[in-house]
Amino acid sequence: VQTLLPLLLEAVAHGRIGWGDLVRLTSAAPARRFGLVGKGSLEVGADADFVLVDPARQGVITDAQQLSRAGRTPFAGRAVTGWPVGTWLGGVQIADESGLLGAPRGRVLRRGA
């Protein structure tokens, strides 16, 4: 999951998908599919969960970046154009380029929540 956004940003940079596709694939469609009310869009009344990206930033995906228990990725060493630079949850910044800002704040969501 951690490599999903950089890989999709790379696809946008090379014209394989558009920005609308990226938003649909990462936000709108999953929110709709799992019935997550207030998620998947930036509208009045939505939860203000979003990621700020730098579409021109060059990056390399590495195993050292991985926060999963596996601690590795099949994409290690892959150069990408486009990189997430900040994450907001409920309108509060929870991560920047250096990593998490404070303790994790997320919660498990249930359908219709």
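Which residues does T3 touch, not counting residues up to four places away in sequence? Select T3 and find out. It touches I61, Q66, T73 and F75, where contact means heavy atoms within 4.5 Å.

Some ground rules before going on. This is a predicted model, with residues numbered from 1 along each chain as its sequence is written. Local features need pLDDT of at least 70, side-chain atom pairs count only at pLDDT 80 or more, totals for chains, interfaces and linings use all residues, and side-chain values use heavy atoms, with hydrogens and water left out.

**Stop 1**

Helices (H or I, at least four residues) and strands (E, at least two) are DSSP runs, numbered from the N terminus. T3 is buried, at 10% relative accessible area. Buried means under 20% relative accessible area, exposed over 50%, and partly exposed in between (1.4 Å probe, protein chains only).

Now select T73. This residue lies in the loop between β1 (50–60) and β2 (79–89). T73 also counts as buried, at 11% relative accessibility. Beyond four places in sequence, T73 touches T3, I61, T62, D63 and Q66. Its side chain reaches the backbone nitrogen of F75 at 3.1 Å.

**Stop 2: helix α1**

Select residues 4–13, helix α1. Eight of its 10 residues are buried: L5, P6, L7, L8, L9, E10, A11 and V12. They pack against α2 (19–33), β1 and β2. The helix lies across β1 and β2, running at about 125 degrees to β2. Axes here are lines fitted to C-alpha atoms, for helices over the stretch in contact, and angles run from 0 to 180 degrees between N-to-C directions. Just after α1, look at G15, with a positive phi of about 75 degrees.

**Stop 3: the largest nonpolar core**

Show side chains for L5, L8, L9, V12 and L22. These five residues make up the largest nonpolar core. Helix α1 supplies the largest share, four residues. Such a core is a set of buried Ala, Val, Leu, Ile, Met, Phe, Trp, Tyr and Cys residues joined through side-chain atoms within 4.5 Å. Centre the view on L22. Leaving aside neighbours within four places in sequence, L22 is in contact with L5, L8, L9, V12 and I17.

**Stop 4: the sheet**

Switch to cartoon. Four strands form an open antiparallel sheet, in the order β1-β2-β3-β4. β1 and β4 (99–100) stand at the edges with a single partner strand each, so one side of each has no neighbour in the sheet. Two strands pair if DSSP finds at least two bridges between them.

Walk across the sheet:

- β1 and β2 pair over eight bridges.
- β2 and β3 (residues 92–96) are joined by four bridges; G86 has D96 as its bridge partner in β3.
- β3 and β4 are joined by two bridges; A95 has L100 as its bridge partner in β4.

Zoom in on the turns. β2 and β3 form a hairpin with two residues between them, and G90 in the turn has a positive phi of about 60 degrees. β3 and β4 also form a hairpin with two residues between them.

**Stop 5: F50 and W88**

Finish on F50, whose bridge partner in β2 is W88. Their rings form a stacked aromatic pair, 4.9 Å centre to centre, with 5 degrees between the planes. F50 lies in β1 and W88 in β2, so the pair ties together parts that are 38 residues apart in sequence. Rings of Phe, Tyr and Trp (its six-membered ring) pair if their centres lie within 6.5 Å; planes under 30 degrees apart count as stacked, over 60 as edge-to-face and the rest as tilted. The count by this rule is one aromatic pair. F50 is partly exposed, at 31% relative accessible area.

Terms used: A polar contact is a pair of N or O atoms within 3.5 Å; within protein, one must be able to donate a hydrogen and the other to accept it, and residues adjacent in sequence count only if both atoms are side-chain atoms.
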